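Here is a briefing on one protein chain. Please keep the sequence and the model open while you read.

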Amino acid sequence: MIKKSFYFCLVLIFQLSVLGQVSKQPENPALNPKKSDFQSDVVTLQLKSGLMKREMPYRVILPFRYKSEKEKRYPVIYLLHGLTGHFNDWTDRTKISEYATDYRFIIVMPEGGDGWYTDSTNVSNDKYESYIITELIPEIDRKFRTIANRENQAIGGLSMGGFGAIKFGLKYPEKFALVGSFSGALGAAGWTEKEFGARGFLANSILSVFGKPESTVRIENDIFKIVREISADKIKNQPFIYLDCGTEDFLIKSNRDFAALLFEKKIPHEYRQLPGGHTWVYWDKQVREFLELTEQHLKK
């Protein structure tokens with residue numbers, strides 16, 4: 001028995017040494033790509049805005065192999081954050097950097113402050129709508145290898161950003177083929193004290209941006225009003241609208257009402273209501289769905 005055990009050990013040692021030698025053989029790059037080839041680069045940049053009179057930060061997720069495939073151009077997704085949030089929310093609070101590795105998009109996350117992606121009626125330097133449309137988008141097209149046309153551009157966002165994304169799609173249909181809203185605060189331009197009370201942070205942000213009831217800024221940015229007034233001949237030019245909301249979300253009614261309006265106007269859209277609340281757990285799941293939807297809708 002001792003001799004057999006000793007022999008077995010020698011054979012095992014020999015096999016392990018052979019395996020060790022095999023594992024140390026030079027790797028074939030084609031068969032064993034570097035881990036970095038499958039990671040999206042995340043970069044943070046600043047844009048000196050003439051409209052905002054300050055440096056505006058934004059974050060970009062670049063597709064894997066963006067640096068090595070120097071001739072290739074890519075579709076763009078703009079992702080908007082919510083109220084009290086910032087440009088880094090999506091990368092810091094969801095797994096979007098990981099999800100992005102499965103797709104070939106440039107993903108841009110602007111800073112929107114608490115400005116409802118609207119040119120403020122009260123703060124002269126808070127022109128978030130004009131900044132994104134006339135400064136940031138051209139900046140992205142200059143700085144990165146984008147496919148700079150409507151068919152390869154999408155925009156989405158959560159809560160305040162959902163309102164902003166749909167508003168941009170409706171007001172600038174020539175720029176986006178797809179817009180998406182997750183738990184969107186879709187009725188924000190019409191909110192008064194009845195919805196948010198007389199005081200508080202939400203009240204201050206709404207009144208600062210949109211002004212008093214019946215103000216011009218409210219009327220021009222009321223997405224329910226914009227949809228109701230779209231003429232039949234212009235419906236075919238609208239971007240495809242995706243919206244979802246959690247069934248436990250306090251914004252569920254306005255999302256259902258907006259989806260019903262889109263159905264009434266025969267505007268192409270998809271509406272989903274799913275279990276969940278106004279949480280990052282919910283948005284992490286839905287941004288992954290939006291990436292898949294964008295893959296289906298954009299021409300590449």
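Phe144 is found in the loop between helix 4 (128-143) and strand 5; helices (H or I, at least four residues) and strands (E, at least two) are DSSP runs, numbered from the N terminus. At 8% relative accessibility, Phe144 counts as buried; buried means under 20% relative accessible area, exposed over 50%, and partly exposed in between, with a 1.4 Å probe and protein chains only. This is a predicted model: local features need pLDDT of at least 70, side-chain atom pairs count only at pLDDT 80 or more, and totals for chains, interfaces and linings use all residues. Residues are numbered from 1 along each chain as its sequence is written, and side-chain values use heavy atoms, with hydrogens and water left out.

**Around Phe144**

- Leaving aside neighbours within four places in sequence, Phe144 is in contact with Leu45, Tyr58, Val60, Leu62, Tyr66, Arg73 and Ile106. Contact means heavy atoms within 4.5 Å.
- Phe144 and Val60 are 84 residues apart along the chain, and their C-alpha atoms are separated by 9.9 Å.

**Aromatic rings and charges**

- A search of the whole structure finds 15 aromatic pairs. One of them is Tyr66 with Tyr74, a tilted pair at 5.6 Å centre to centre, with 40° between the planes.
- Rings of Phe, Tyr and Trp (its six-membered ring) pair if their centres lie within 6.5 Å; planes under 30 degrees apart count as stacked, over 60 as edge-to-face and the rest as tilted.
- Both Tyr66 and Tyr74 are buried.
- Arg145 lies over the face of Tyr66, at 4.0 Å from the ring centre.
- The ring of Tyr74 has the charged end of Lys72 over it, 5.5 Å from its centre.
- A charge sits over a ring if NZ of Lys or CZ of Arg is within 6 Å of the ring centre and within 35 degrees of the ring normal.
- One aromatic cluster is formed by Trp90, Phe182, Tyr242, Trp280, Trp283 and Phe290.

- Ser159 lies in the loop between strand 5 (153-158) and helix 5 (160-171).
- Ser159 counts as buried because its relative accessibility is 11%.
- Beyond neighbours within four places in sequence, Ser159 is in contact with Phe182, Ser183, Gly184, Ala185, Leu251 and His278.
- The largest pocket holds about 300 Å³ of space. Of the 20 residues that line the largest pocket, the closest to its centre are Leu83, Ser159, Met160, Phe250 and His278.
- Helix 2 (89-93), helix 6 (193-196) and helix 11 (280-297) are the elements that give two or more residues to the lining of the largest pocket.
- By class, the lining of the largest pocket has 12 nonpolar, 5 polar and 3 charged residues.
- Ala, Val, Leu, Ile, Met, Phe, Trp, Tyr, Cys and Pro count as nonpolar, Asp, Glu, Lys and Arg as charged, and the others, Gly among them, as polar.
- On a 1 Å grid over the protein atoms alone, a pocket is an open set of points where a 1.4 Å probe fits, with protein on both sides within 12 Å along at least five of seven lines; lining residues have an atom within 4 Å of a point.
- Grid points are joined across faces, edges and corners, and a volume is the space filled by probe spheres set on the points.

**The second largest pocket and Lys253**

- About 260 Å³ of space lies in the second largest pocket.
- Its lining residues are Gly187, Gly190, Trp191, Asp222, Phe224, Arg228, Phe250, Leu251, Lys253, Ser254 and Asp257.
- Helix 9 (223-228) and helix 10 (252-264) each give two or more residues to this lining. Helix 10 gives the most, with 3 residues.
- The lining of the second largest pocket divides into 4 nonpolar, 3 polar and 4 charged residues.
- Lys253 is found in helix 10. Lys253 is exposed, with a relative accessible area of 56%.
- Lys253 and Gly187 are 66 residues apart in sequence and 9.9 Å apart in space, C-alpha to C-alpha.

**Positive phi in two loops**

- Lys53 is not a glycine, yet has a positive phi of about 60°. Lys53 sits in the loop between strand 1 (41-49) and strand 2 (54-62). Lys53 counts as exposed, at 60% relative accessibility.
- Glu214, also not a glycine, has a positive phi of about 70°. Glu214 lies in the loop between helix 7 (201-210) and helix 8 (216-220). Glu214 is exposed, with a relative accessible area of 67%.

**Whole chain**

- The protein chain has 11 helices and 8 strands.
- Buried residues make up 50% of its 300 residues.
- Of the contacts in the protein chain with a separation of 6 or more, 76% are between residues 24 or more positions apart.
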